[in-house]
Amino acid sequence: APIPEPEAPVKTAAAPEALDGGIIGAAHADNGDTKGLRFGLGRGALPEEIAAWNLDVSPDGTGLPAGSGNAFDGEAIFEEQCAVCHGSFAEGVGNWPKLAGGDGTLADEDPLKTVGSYWPYTSTVWDYVHRSMPFGNAQSLSVDDTYAIVAYILYSNDIIDDEFELNQDTLPEVVLPNADGFIVDDRAETEYSKWRTEPCMENCKDGPVEITMRATVLDVTPEEAVEEPAATDPAPEPAAAVDPAPEPAAEPAADPAAAPAETDAPDPELVAAGEKVFNKCKACHQIGDGAKDRVGPQLNGIVGREIGSVEGFKYSNTMGSMGGAWDAETLAAFLADPRGTVKGTKMAFAGLRKDSDVEALIAYLSSFSQ
Amino acid sequence: AGPDPLITEVQDWASGFGHGVDEVPYGLPIKFEDDVIRRNVEWLTADTISSINFTPIHALDGTITPQGCAFERHHSGAIELSKPDYRLMINGLVDQPLVFSYDDLERFPREQHVYFCECAANTGMEWAGAQLNGAQFTHGMIHNMEYTGVPLRTLLAEAGLDAAGDFKDKWVYVEGADASSNGRSIPMEKAMDDVLVAFKANGEALRKEHGYPVRLVVPGWEGNMWVKWLRRVEVMDGPVESREETSKYTDTLADGTSRKWTWVMDAKSVVTSPSPQAPIKHGHGPVVITGMAWSGHGKITRVDVSKDGGMTWETARLASEGQDKALTRFYLDTTWEGEEWLLQSRAIDETGYVQPTKAQLRDVRGLNSIYHNNCIQTWHVKANGEAENVEVS
């Protein structure tokens, strides 16, 4: 086959005329003739392949699949899939995003930006939940569950009632409160004209220059970067509009060996099933080689480990003072109903509904000895 | 002082062997430089899986950022995607939707360009006041690399754009292969201009944390649009208004309204040395003030430096002529006799844009913008040579 000529570069670069569409139009005309210049690389995408990846949803509802859900059904799904980070009422846990509240705060000193107070389009919520959530187990939610979860988030923001049936027709009609709260970038008019001036070189300020604020007063810089750690006073809260971090991660366990237990090796199929269940835990817990404490403690050797015993991890008072060891029985009770079993536990997970999931998860956890 | 034993006595390294050529097949920096690393600010985010770290710009010189210490930003962790497993789909308003393998991409005519990549949130923690005490933390969400890749317009043309009709109101939607997908909408004009589908940086394959094997390069525009592990480009008749371009990467003004589509990174500069992590440790006399400047609008044409908090300015020396949408290194070769400095730098680009002060930015935007803080930074250099992040009147 003849070697194709390299394509002529489309001349739309830096020239300001490119913005009025004139040159773009010309470029497009050129492209109409590029058939002979094509390289013949790649292959046609199959309809099933496009369907698998082309999941984005636009504000007018384009891309929404058939299905439905309401907040009443969504509450239980949200509790199981989302509440561990976003709270049972979408109010957020620790530094994780708050999804509800903040109405009318956008002009405040510390605005609370949630789906209800800030997001402009309902489609974005559906699109993001469906494609990127839950954190650590993305693309696992069914279409109906996604509608139900989005309905629950909208309900938590007092935007719809708990019987409102959210589907591909009704969703684009739900207008979020801040839909009109955005303007297209206007820096060219409001800023550039002011600042494209000849800069001052001498006597540029009226009075003597004085220091008005110092970073060391706040002292939120990570310590390893500071030459001489100065302040003995406790550090004040950082000034940024983010919540304080969760507890710092502790050192990795001294011997995080992940060798399977030598005796009573659990059923490999059960372990494999448990690994899938563990996806629900991953946002907060690590297990295996090099596992560290995160929102929850690392779980190496959890089966048989003393309850509340990971050094440096801040347990709830209840968990820290329970005593005893985790065995299959206590773990099963806790995993099925964490907050019912250990009152006051920090673990926000709602619990596993299926006994078979509990059994598989414990088998999986057992495969990581201390 | 007597003679220096490092000179008068035969040292081990001057008499015995060093490492052989097979000792380190792919090298890391020598151990004496092991503090020059990316660092995280723990309280910023809930979890390192969806977080950011910072380039140690205070310890670097020149303009090219080594990949190994170039800042990382992930929304669902840095994934391992091999070249054989890699697929890039072009779909939407094209004549023939296509799938490319990694090998396909290397068969298109390719280009090389040096571009900076700056997170829109760089310096974002400083809106409310001087907060983090180091250039790495105030300005380290930036890197500058030489990319090799295929222009996006070449791949779009391969799929055929007759179906797109008039480009004027068309967009491309780009997304990654990771669990976050991090989708962003880019106007067709930009997609057909200088956007690059890149597979090499600084001569070597992209690092995992920068999107191996293929990432998007969107010159001069905020880093969030530089989608890593690029898996799909869809030609569309409107923006998707995804999570990353609505709830994030929009800039809230004082009255509560928010700017969207604030893609361009305006001209900016910072003195990297001396700075809080790079104090003056030598005595009085000659000292090199250095830093870097960049603009999403084009080339840097000039950088001014002030030692007195902006009262008087002198023009610095550019290490080389400014390049389009790439970092420029500047130097001011001067002397220091222990006097206190309020050290600032001010970038000017080829459009005549002059880097603003914090006060100028706050006048227009208030304190809640989070993103696009390109203010003039001040370091207070003290009599003992230490430096601190401060704000001045």
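What follows is a conversation about reading a predicted two-chain model, from one chain to the interface and the surface.

Modeller: Some ground rules. This is a predicted model, where local features need pLDDT of at least 70 and side-chain atom pairs count only at pLDDT 80 or more, while totals for chains, interfaces and linings use all residues. Residues are numbered from 1 along each chain as its sequence is written, chains are lettered from A and ligands numbered from 1 in the order in which they are written, and side-chain values use heavy atoms, with hydrogens and water left out.

Biologist: Let's start with chain A. How many helices and strands are there in chain A?

Modeller: Helices (H or I, at least four residues) and strands (E, at least two) are DSSP runs, numbered from the N terminus. Chain A has 13 helices and five strands. Of its 370 residues, 42% count as buried, where buried means under 20% relative accessible area, exposed over 50% and partly exposed in between (1.4 Å probe, protein chains only).

Biologist: And the interface: how many residues of chain A are in contact with chain B?

Modeller: Contact means heavy atoms within 4.5 Å. By that rule, 103 residues of chain A touch 118 residues of chain B.

Biologist: What area do chain A and chain B bury between them?

Modeller: The size of an interface is often given as the accessible area lost when the parts come together. Buried area here uses a 1.4 Å probe and is summed over both parts. The two chains bury about 9,200 Å², 55% of it on carbon and sulfur atoms. Leu41(A), Trp53(A) and Trp195(A) supply 10% of the area that chain A buries against chain B, more than any other three residues.

Biologist: How many salt bridges does the rule find across the interface?

Modeller: The rule wants a side-chain nitrogen of Lys or Arg within 4 Å of a carboxyl oxygen of Asp or Glu. It finds nine between chain A and chain B. Take Arg365(B) and Glu191(A), whose side chains meet in a salt bridge at 2.8 Å, N to O. As for elements, α7(A) gives the largest share of the side of chain A that touches chain B, six residues.

Biologist: Now chain B. Is helix α4 mostly covered or uncovered?

Modeller: Mostly covered: eight of the eight residues in α4(B), 152–159, are buried. Among them are Arg153(B) and Glu158(B). Just after the helix, Gly160(B) takes a positive phi of about 85°.

Biologist: Why does Ile7(B) count as exposed?

Modeller: Because its relative accessibility is 70%. Ile7(B) lies in helix α1 (residues 5–8) of chain B.
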